[in-house]
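Dear colleague,

Please read them with the model open beside you.

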Amino acid sequence: MVPISNERLQALDGLIEQGLADGLFLGAAYRVLRKPDQVLASGRMGFAQEEPLTRVLSNTVWDLASLTKPLVTATSILILAEAGEFHLDEEVLHFLPEEAPSLGGITLRHCLTHTSGLKAWEQFHSQNLEREEILRRVHASVPENAPGTAYAYSDLGYILLGEVVEHVTQRTLPQFAEDWIFDPLGMRSTRYLPPEEWTRRIAATRCLDRQRVLVGEVHDGNCAALGGVAGHAGLFGTIDDLTLYARMLLNEGELDGSRVLSPLAARQMMRNQNPPGLNGHTLGWFTRPNSFLPAADFWPEDTFGHTGFTGTSLLISPSTGIAAILLTNRVYMENDGSDFLRFRRRFHNVIAALVP
């Protein structure tokens, strides 16, 4: 093993410190892994909360935002497909609790890869709607493009997939994820709707729509309107738990004797599923040439990953066996986030320099 120079590790910590000084986030935690279980670099800085002042620790719980999509929803769909409940080219409407004729032709695969033709987002949370009415409106959504003809990163598609999991299993999304993903991997501090006893270790966010600081309440407005549980957002977790999930994928679906996905399913989850011209997306993750993937300049072509609006990300490169996790509460700060997007790409450039 080639040792990592102190200068490069110092450059990584220095970049995080500069992000804190520039007001890009209140606190941050990061970790760089190498298959099978080596930690190349790890650190935590800043604060999870200001009132009371609480430092970021290894057990700080972060609002993972859209990391929910691959970690819970896509993983659950693949588990059910492997169990023979459906195949991915079946239409979504067959697995919903009510008729949804406008969704005809949209498959599970389309939703997983954001090629459903559905719009990216709709502001339900400001309309004082109950969960069932929001879901009815999602079911009635009219696609903006024919399925399979365009790429649009869509929360609506993943809301539908979360419903599919619940309808097929007759269990809630949190229950299924706990039994089939979190418990097998030992992810003890990852869940929807974090309990009150976790409050002191949750990283705060600031919601402009609700005009207040949130601690343990999901930041995503539509997920909050859905009761805090949805297929597109709502998950909270720690960097230690994300480390376990990343190790599972790097090991093709298995961790320390517990198998979540078969090797064949895990490999498909790592590979681009979209044809040329429809952007890069695996069964759950951004991949090249998708500009949403913050892999910057040096990560290999097989890199895949995902980001979360709150300032979270997970990137994995199977060819190098490297995974990088960055968790922040950048939405606590009163800025538009554009400088954070630049910071995150610089962060992944420095990570690439650490790879032996």
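In this predicted model, Leu261 touches, leaving aside residues up to four places away in sequence, Thr75, Leu78, Ile79, Glu82, Leu249, Glu252, Gly253, Ala266 and Met269. Leu261 is also one of the residues with the most contacts inside the largest nonpolar core, which has 81 residues, and the others named there are Leu71, Tyr245, Leu249 and Leu314. Helix α8, residues 239-250, gives this core its largest share, namely eight residues. Apart from it lies another core, of 27 residues, and Ile16, Leu40, Met45 and Tyr153 are among them.

As for its length, the 15 residues of α2 (residues 68-82) should span 21 Å because each residue accounts for 1.5 Å, and the end C-alpha atoms, which are 20 Å apart, agree with that. After α2 comes Gly84, which has a positive phi, near 85°.

Lastly, there is an open sheet of three strands, ordered β4-β8-β5, in which the pairing is antiparallel. Its edge strands, β4 (62-65) and β5 (191-192), each pair on one side only. Between β4 and β8 (residues 235-237) the antiparallel pairing runs over three bridges, and Asp63 has Phe236 in β8 as its bridge partner.

With best wishes

Definitions and conventions:
Residues are numbered from 1 along each chain as its sequence is written. This is a predicted model: local features need pLDDT of at least 70, side-chain atom pairs count only at pLDDT 80 or more; totals for chains, interfaces and linings use all residues. Side-chain values use heavy atoms; hydrogens and water are left out. A nonpolar core is a set of buried Ala, Val, Leu, Ile, Met, Phe, Trp, Tyr and Cys residues joined through side-chain atoms within 4.5 Å. Buried means under 20% relative accessible area, exposed over 50%, partly exposed in between (1.4 Å probe, protein chains only). Helices (H or I, at least four residues) and strands (E, at least two) are DSSP runs, numbered from the N terminus. Contact means heavy atoms within 4.5 Å. Two strands pair if DSSP finds at least two bridges between them.
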